[in-house]
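Biologist: Please put the model up, and then I will ask about some side chains.

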Amino acid sequence: MTAPAPPAPRRPVRRFRSARRLPAALLALALLAAAGLLLYDLAAVRAGRPALQWRRAVADALDRYAPADPEALVAAGVLAAVGAVLMLLALAPGLRRILMMLPPEPEPGHKPAAEAAGDAGRGPAAGVRAGIGRRDAARVLRDRVLEVPGVRSARVRVRRRRIAVAATSHFRELDDVRADLERVLAAGIGELALARPPHPRVRVARAAAGKR
């Protein structure tokens, strides 16, 4: 009798990437307007008309400063920092309100058809990605929290690395309620099957006398 094979390690889950259609459209419109204005000014100068006032003002301002002047260096540094931030935001996946979930595991003893055909590493769940919004995850966990005996009200906020739970109790010892909440949260987070489960932080307070 052979021992069962250890479970295969999970592959890292790739996050969803934002399409960024609106920022791209706004940037394209801004560049189109700037290019059209510059082309109009160049055509006007070629036709013998004076340049627009803004271009004359920019040219005069550039004539007053040399590349080694402190003002020019500060402006260049600010523009470089803004460009680096924009580049970082463009390369970031975005959609930070979506928590990635683990892909479904293949059934024990099941051999994927793709592996049998010689394409190892691509099972029936290959390429499948799932996610859940942080608000939806907070609603699910809040429903689980309210089922704990002694909890009168609860507020759950889900972040990417932490889950903050603030609950009030009108009876039972607070330590007992906190222990039950931590157990229920651990089970609820496990049922969500998140790729990177956030760490829960629980606070329990006694309900006000008029609200018990």
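Modeller: The model is predicted, so local features need pLDDT of at least 70 and side-chain atom pairs pLDDT 80 or more, while totals for chains, interfaces and linings use all residues. Residues are numbered from 1 along each chain as its sequence is written, and side-chain values use heavy atoms, without hydrogens and water.

Biologist: How many salt bridges does a search of the whole structure find?

Modeller: A salt bridge is a side-chain nitrogen of Lys or Arg within 4 Å of a carboxyl oxygen of Asp or Glu. Arg172, Asp180 and Arg183 are linked in a network of them. For the whole structure, the search gives five.

Biologist: Which residue meets arginine 144 in a salt bridge?

Modeller: Arginine 144 is in helix α5, and the partner is 47 residues away in helix α6 (residues 174-192); helices are DSSP runs of H or I, at least four residues, numbered from the N terminus. The N to O distance is 2.7 Å. The partner is glutamate 191.

Biologist: What separates arginine 178 and aspartate 175 in helix α6?

Modeller: The two form a salt bridge, with the closest N and O atoms 3.0 Å apart. They are three residues apart in helix α6, so the separation is about one helical turn.

Biologist: Is serine 169 buried or exposed?

Modeller: Buried means under 20% relative accessible area, exposed over 50% and partly exposed in between (1.4 Å probe, protein chains only). Serine 169 has a relative accessible area of 0%, so serine 169 is buried.

Technical notes
Helix = DSSP H or I, 4+ residues; strand = E, 2+ residues; numbered from the N terminus.
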